[in-house]
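Have a look at the sequence and the 3D view, then read on.

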Amino acid sequence: MLKYREMTAADDAAVAKLIQDNLKKHNLDIPGTVYFDEGLNHLSEYYGTSERRYFVIENAQGEVIGGIGFAKLDFMEDTAELQKLYLDDSVKGSGLGYELISVVESKMKDAGYKYSYLETHNNLQAAIHIYKKSEYAEIEKPKEVVHSAMNRFFKKSLI
């Protein structure tokens with residue numbers, strides 16, 4: 001039985017490991033990614049406001065096997081950025097990525113956002129596949145994005 005819930009401080013280490021393991025496997029353990037974010041080991045401090053939230057999924061043993069979040073995007077009106085969709089290898093290909101996107105989009109709508117935006121990288125082909133099948137349209141790199149190592153950008157209407 002899987003359980004979705006909001007992230008707590010007790011999840012910080014498990015979520016950081018999940019993110020770093022995934023990025024390393026895709027050769028994205030590089031500057032400009034969350035891999036080197038100073039706050040990675042304390043994500044629960046960043047999320048947990050009305051403008052920023054993060055959700056985890058637990059397996060039957062209570063282990064965090066995935067997560068996804070959102071944060072208000074300042075440079076696009078009525079838009080939240082879908083952030084940090086990561087899954088444990090044991091559940092990849094099971095459809096959980098689609099479920100997590102659905103959960104976070106619902107939470108974005110509840111928070112009043114009309115659009116979802118995301119950034120990803122060519123190395124993350126499985127993620128790009130999920131985003132496209134979830135009706136995200138690829139857009140040009142926004143001029144406001146200057147420090148990111150990400151090279152693919154997507155947006156979706158939530159209304």
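β1 and β2 run antiparallel to each other and are joined by four bridges; two strands count as paired if DSSP finds at least two bridges between them. Within that pair, tyrosine 4 sits across from isoleucine 57 of β2. The names come from DSSP runs numbered from the N terminus: helices are H or I with at least four residues, and strands are E with at least two.

Over on β3, β2 pairs again in the antiparallel sense, this time through seven bridges. Here arginine 52 faces alanine 71 in β3. The hairpin of β2 and β3 has five residues between the strands, and glycine 62 there has a positive phi near 80°. β2 is mostly covered, with five of its seven residues buried. Buried means under 20% relative accessible area, exposed means over 50%, and partly exposed is in between (1.4 Å probe, protein chains only).

## Where the picture comes from

This is a predicted model, where local features need pLDDT of at least 70 and side-chain atom pairs count only at pLDDT 80 or more, while totals for chains, interfaces and linings use all residues. Residues are numbered from 1 along each chain as its sequence is written, and side-chain values use heavy atoms, leaving out hydrogens and water.

## The whole sheet

Zoom out and you'll find seven strands in an open sheet with mixed pairing, in the order β1-β2-β3-β4-β5-β7-β6. β1 (3-6) and β6 (137-139) are the edge strands; each has a single partner strand, so one side of each has no neighbour in the sheet. From one strand to the next, the twist averages 30°.

At the β6 end, three bridges link β6 to the antiparallel strand β7 (residues 152-157). Isoleucine 139 has phenylalanine 153 in β7 as its bridge partner.

## Two helices on the sheet

Helix α3 (residues 96-110) packs on the sheet and touches β1, β2 (52-58), β3 (64-72), β4 (79-87), β5 (115-120) and β7. The direction of α3 makes about 150° with that of β4. Such angles run from 0 to 180 degrees between N-to-C directions, with axes fitted as lines to C-alpha atoms, for helices over the stretch in contact.

Helix α4 (residues 125-133) packs on the sheet too, touching β4, β5, β6 and β7. The direction of α4 makes about 25° with that of β7.

## Helix α1 and its two sides

Which residues of α1 are buried? They are Asp12, Val15, Ala16, Leu18, Ile19, Asn22 and Leu23. These cover an arc of only 160° around the axis, which puts them on the same side of α1; the arc is that of the directions from the helix axis to the C-beta atoms. An α-helix has 3.6 residues a turn, so residues three or four places apart point the same way. The buried residues pack against α2 (43-46), β2, β3 and β4, while the face turned away from them carries the exposed Ala13 and Lys17. After α1 comes asparagine 27, with a positive phi near 55°.

## The nonpolar cores

A nonpolar core is a set of buried Ala, Val, Leu, Ile, Met, Phe, Trp, Tyr and Cys residues joined through side-chain atoms within 4.5 Å. In the largest one, with 41 residues, Val15, Ile19, Leu82, Ile101, Met108 and Tyr131 touch the most other members. α1, β2, β3, β4, α3 and α4 are the elements that give two or more residues to this core. Another core of five residues lies apart from it, including Leu73, Met76, Tyr117 and Val145.

Contact means heavy atoms within 4.5 Å. Setting aside neighbours within four places in sequence, valine 15 is in contact with Met7, Leu43, Tyr54, Val56 and Val64.

Threonine 79 belongs to strand β4. Is threonine 79 buried or exposed? Buried, with a relative accessible area of 1%.

Histidine 42, by contrast, sits in the loop between α1 and α2 and is partly exposed, with a relative accessible area of 40%.
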